[in-house]
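Keep the viewer open and follow along, topic by topic.

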Amino acid sequence: MRPSNGLSKCTARIGGYTPLMRAAVLEGSIIEVRGDDSREWLNGQLTAQIADAKDGEVRRGLKLDRTGRILAMPWVFCRGEEFDLFVEREGAKELLEDLDRYIIMEDVELSLREDTRALFLEGERGDGIFARATLYGMEGAIRILEEGEIVESIVQTRGAELLDGQALETARIRSGTPGRPEFERRRLLPQEAGLKELVSFTKGCFLGQEPVVMLEHRGSPPKRLIRLEMEPTLARSLKSEGTGGIKGADITDDTGAAVGEITSVSSNDERGFAIGLLRKRGFTLDTLHLRASEGAPSAAVTAFAFIGEPPDN
Amino acid sequence: MSIQLTPRAAEKVKEIRELEQIPEEALRVRVLGGGCSGFSYDLFFEDEHTELDQKFVSHGVPIYIDMMSYQYLEGTEIDYVEGLHGAGFKFINPQAQATCGCGSSFSA
């Protein structure tokens, strides 16, 4: 698998050959979960099945609030009967406080280790040090980096290309993986975010389960995330140069009525990618349009796709 | 305020104790972190308590509650209901902001 041309300005040619694998450093914080009741307690706090997680494995789950809305999407590293939740730095303290509310008399203690990093290597196999994982559509493995570890030497040894922040964000949006811009303030249920595969419907109770299961039986999520692909000039025009935030851009239907908004956008030299939120149900992709702000280049959105399963409507 | 059993719940507790041949044990009531609404109720028989437990007697049934759980259970009445959808102990908790459909989990 070759990386696309615009992925990174940090491409390192090793021995004259283009690297075949990509590497990424994720910056975050770790919520350490310790105590004899850690496994059972954590299984009731996250959507993923944790009860049978083995030492050295990593699982991806969702932390929901009691109404079933996504608060975070932690990586769960299993260390025997102890667990490390690798989460984004922003919001980590608030997440720990939220988790701590649900410890009553259980033998569970939480602590926060800030400013940590994880290394993902595409194509790497889980070997007890690295754990098999998928990141933004890339198959590989991930591990927590020790303090002071030099990433570049690890990456170069494997002949991989280290993605910079821009390239990593582009990979995220291109793969249609929701992140903090989608979760923050949007109050999404897992089915609305296309993350149903991170929910175990057979493991028993977890926080926020009831609304999720009710929606699963009823169908027709009221909101949906979609992925858009477009000319890079259009994608770049959607970002505010000052803040990096999204300029006003509506997703509209055939009548011109706004039915959604753009939540994330990025681009490489060849293509632009965006994630958007449809606020209403009942649309087919061929009836959607993007209305960018005034002054945006006249460029077409070439593809819309639902993130996750397409709706039943 | 205390924790109360309804007469029906107290009779059921005594009946179960007799069946399990532990007629002198108390009912421990506690809250666990977990369940679909955030917290869940737990009931079991126990003959030990600590100085930090809250102790009550309701219709002849001694009840023990740990200090942490009591914060969430103060003023609760425990009933026993039987119906087409099953039978079990039901918690009427004035501190619960919401309760799940089956009644075993609540938010506070």
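Helix α2 of chain A spans residues 92–100, and A:Ala92, A:Leu95 and A:Leu99 are buried in it. These residues sit on the same side of α2(A), because the arc they cover around the axis is only 60°. Please bear in mind that this is a predicted model.

**Around helix α2 of chain A**

- Turned away from the buried side of α2(A) is a face that carries A:Glu94 and A:Glu97, both exposed.

**The nonpolar core**

- The largest nonpolar core holds 105 residues, and A:Ala23, A:Val76, A:Phe77, A:Phe120, A:Ile142 and A:Ala274 have the most contacts inside it.
- At least three residues of this core come from each of domain 1 (21–183) and domain 2 (221–306) of chain A.

**Two domains in chain A**

- How far apart do the C-alpha centres of domain 1 and domain 2 of chain A lie? They are 29 Å apart.
- Domain 1 of chain A gives 9 residues to the contact, and domain 2 of chain A gives 11 residues.
- On the domain 1 side, the elements that supply two or more residues are α4 (165–175) and α5 (180–183) of chain A.
- With 4 residues, α4(A) makes up the largest share of that side.
- By type, the residues on the domain 1 side are 3 nonpolar, 3 polar and 3 charged.

**Helix α6 of chain A and what follows**

- In α6(A), the buried residues are A:Gln209, A:Glu210 and A:Val212.
- Since they cover an arc of only 165° around the axis, these residues lie on the same side of α6(A).
- A:Met214 and A:Arg218 are exposed on the other side of α6(A).
- Just after α6(A) comes A:Gly219, with a positive phi of about 80°.
- A:Ser220 also has a positive phi, near 55°, and is a residue other than glycine.
- The position of A:Ser220 is in the loop between α6 and β11 (224–230) of chain A.
- Is A:Ser220 buried or exposed? A:Ser220 counts as exposed because 12 other C-beta atoms lie within 10 Å.

**The loop between α5 and α6 of chain A**

- A:Arg187 belongs to the loop between α5 and α6 (209–218) of chain A.
- A:Arg187 is not a glycine, yet its phi is positive, at about 50°.
- As for its surroundings, A:Arg187 is partly exposed, because it has 14 C-beta neighbours inside 10 Å.
- For background, most residues other than glycine have a negative phi.
- A:Gly194 is also in the loop between α5 and α6 of chain A.
- Why does A:Gly194 count as buried? It has 25 C-beta neighbours inside 10 Å, and 20 or more is the cut-off for a buried residue.
- Leaving out residues up to four places away in sequence, A:Gly194 touches A:Gly176, A:Pro178, A:Leu225, A:Phe306, A:Ile307 and A:Gly308.

**Chain B**

- Chain B is built from 2 helices and 9 strands.
- Starting at the N terminus, the order of elements in chain B is β-α-β-β-β-β-α-β-β-β-β.
- Chain B is as compact as a globular protein of its length, because its radius of gyration, 13 Å, is close to the 13 Å that the globule rule gives for 108 residues.
- Along the principal axes, the C-alpha atoms of chain B fill a box of roughly 40 × 35 × 20 Å.
- Buried residues make up 31% of the 108 residues of chain B.
- Among contacts in chain B with a separation of 6 or more, 53% join residues 24 or more positions apart.

**Where the chains meet**

- In the contact between the chains, 14 residues of chain A meet 17 residues of chain B.
- The side of chain A that touches chain B has 8 nonpolar, 3 polar and 3 charged residues.

Conventions
Residues are numbered from 1 along each chain as its sequence is written. Chains are lettered from A and ligands numbered from 1 in the order in which they are written. This is a predicted model: local features need pLDDT of at least 70, side-chain atom pairs count only at pLDDT 80 or more; totals for chains, interfaces and linings use all residues. Two residues are in contact if their C-beta atoms, placed from the backbone, lie within 7 Å. Ala, Val, Leu, Ile, Met, Phe, Trp, Tyr, Cys and Pro count as nonpolar, Asp, Glu, Lys and Arg as charged, and the others, Gly among them, as polar. A nonpolar core is a set of buried Ala, Val, Leu, Ile, Met, Phe, Trp, Tyr and Cys residues joined through C-beta atoms within 7 Å. Domain bounds come from an automatic or database domain assignment. The arc is that of the directions from the helix axis to the C-beta atoms. The radius of gyration is taken over C-alpha atoms; the globule rule is 2.2 Å times the number of residues to the power 0.38.
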